Amino acid sequence: MNNNIESILEKPVLNKQDLLFLLQSQGEARHKLFAKAAEIKRQYVGNYVYFRGLIEYSNICSKNCYYCGIRSSNIKMERYWLTEQEVLNAAQFAYKEGYASLVLQSGEVNTPQFTAKIEALLQQIGQLTDHKMGITLSLGEQSRDTYLQWRKAGARRYLLRIETSNPELYGKIHPQDSKHNYNQRLNAIKLLRETGYQVGTGVMIGLPFQTLDDLADDLLFFRDYDIDMAGMGPYIEHEDTPLYSCKSILMPLTERFDLSLKMVAILRIMMKDINIAATTAMQTIDKIGREKALKVGANVMMPNLTPVKYRENYLLYQNKPCIDEEAVQCKNCMEIRVHLAGDTIAYGEWGDSLHFRKRVENCEP
Ligand code: SAH
Ligand code: SF4
């Protein structure tokens, strides 16, 4: 068993069998997997953590994903937009604190008004911060023109999770209509690549009906699509969603968490120079979940900058942590945590994905 793990961890390219072996590793083998991932992180991206200030811009969403607490059919919460000033205040805070990067996230809205509003916000944030902030968007599937428009207005990175790379499973966790189509989601990821973004994607781990085979395929998907950034985390049920009815067939939360850690570690070994987020969902299950993710390969954290009064209305899943902490507290708490994990916060640095930089440089004539 131990010989096996060692030979697998030395392989230059992991195949599906290897991935399945690693996903199932326990005891000494699991320990070796994590140690290898930590070593690769240190060697290739260093023991640094890049902060992205997260602004949850709006919980208004035109979609109805079966797992998500802010799906359009959930009438149990108040819908909100942040005001322009609230977004700019958050950006200003991030800039002053040296975060050097922001993520603007919201439900999916596909109207010309929304496109124009985001464009204007991007321009305003650019002016306010001397164009020194790396801005990431996470605003769902949009047209090629919209992606281009936002790119020109200053956005550099985009997060769009594929959620699962298995089209059949995708069909089970989304309504069957043209707004929730696997191929369309995949196409949007391709459009992001074509329009010049650093592309981030990811999956939920521990979904009902999901198998280890699916997770191994997700890792291969990330490699095939040559992604620049990844954000993965455990699926956490929300009682006001249709998928809650599958609660009884879910694996325990601790197992979902352990699998999430393994996914982070394996991906770090497979794609050595990409950015990998230590996600908030990991902290929901384990109080020091994000720090554990940092120890096994993650190198990005997203302190929440959304004004506290909105946070209880942006519950994608239940028991989301830190919903009562203002940005300043959140920052202090994260600093301590990162330090405990043995990493240093890279203040003032954009923290572009090294993978992206190499990809672009290689394309230059
Ligand atoms: N509307 C955008 C961005 C906001 S949702 C989009 O869908 O891309 C951001 C992410 O939250 C989703 O991609 C999904 O992976 C995650 N999410 C939603 N509900 C969740 C749940 N119940 N458990 C864990 N993650 C969830
Ligand atoms: Fe909307 Fe995103 Fe939630 Fe789906 S996951 S319902 S698109 S916010």
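Reply: The protein exposes about 15200 Å², of which carbon and sulfur atoms supply 51%; such accessible areas come from the Shrake-Rupley method with a 1.4 Å probe, and for residues only the protein chains shown count as cover. The model is predicted, so local features need pLDDT of at least 70 and side-chain atom pairs count only at pLDDT 80 or more, while totals for chains, interfaces and linings use all residues. Residues are numbered from 1 along each chain as its sequence is written, chains are lettered from A and ligands numbered from 1 in the order in which they are written, and side-chain values use heavy atoms, with hydrogens and water left out.

Buried residues make up 59% of the 365 residues, where buried means under 20% relative accessible area, exposed over 50%, and partly exposed in between (1.4 Å probe, protein chains only). The protein contains 15 helices and 12 strands; these are DSSP runs, numbered from the N terminus, with helices (H or I) of at least four residues and strands (E) of at least two.

A backbone N or O atom of I236 is 2.8 Å from a nitrogen atom of ligand 1. For Y67, the distance from a polar backbone atom to a ligand nitrogen is 3.0 Å, and for S106 it is 3.1 Å. The protein covers 92% of the 540 Å² of accessible area that ligand 1 has on its own.

S106 belongs to strand β3, residues 101-106, and counts as buried because its relative accessibility is 9%. Beyond its neighbours within four places in sequence, S106 is in contact (heavy atoms within 4.5 Å) with Y57, S58, F114, S138, L139 and Y314. S106 and C61 are 45 residues apart in sequence, yet their C-alpha atoms are 7.6 Å apart.

C61 is one of the residues around ligand 2, together with K63, C65, Y67, C68, I70, R71 and G107.

Conventions:
A polar contact is a pair of N or O atoms within 3.5 Å; within protein, one must be able to donate a hydrogen and the other to accept it, and residues adjacent in sequence count only if both atoms are side-chain atoms. A residue is near a molecule or strand if one of its heavy atoms lies within 4 Å of it.
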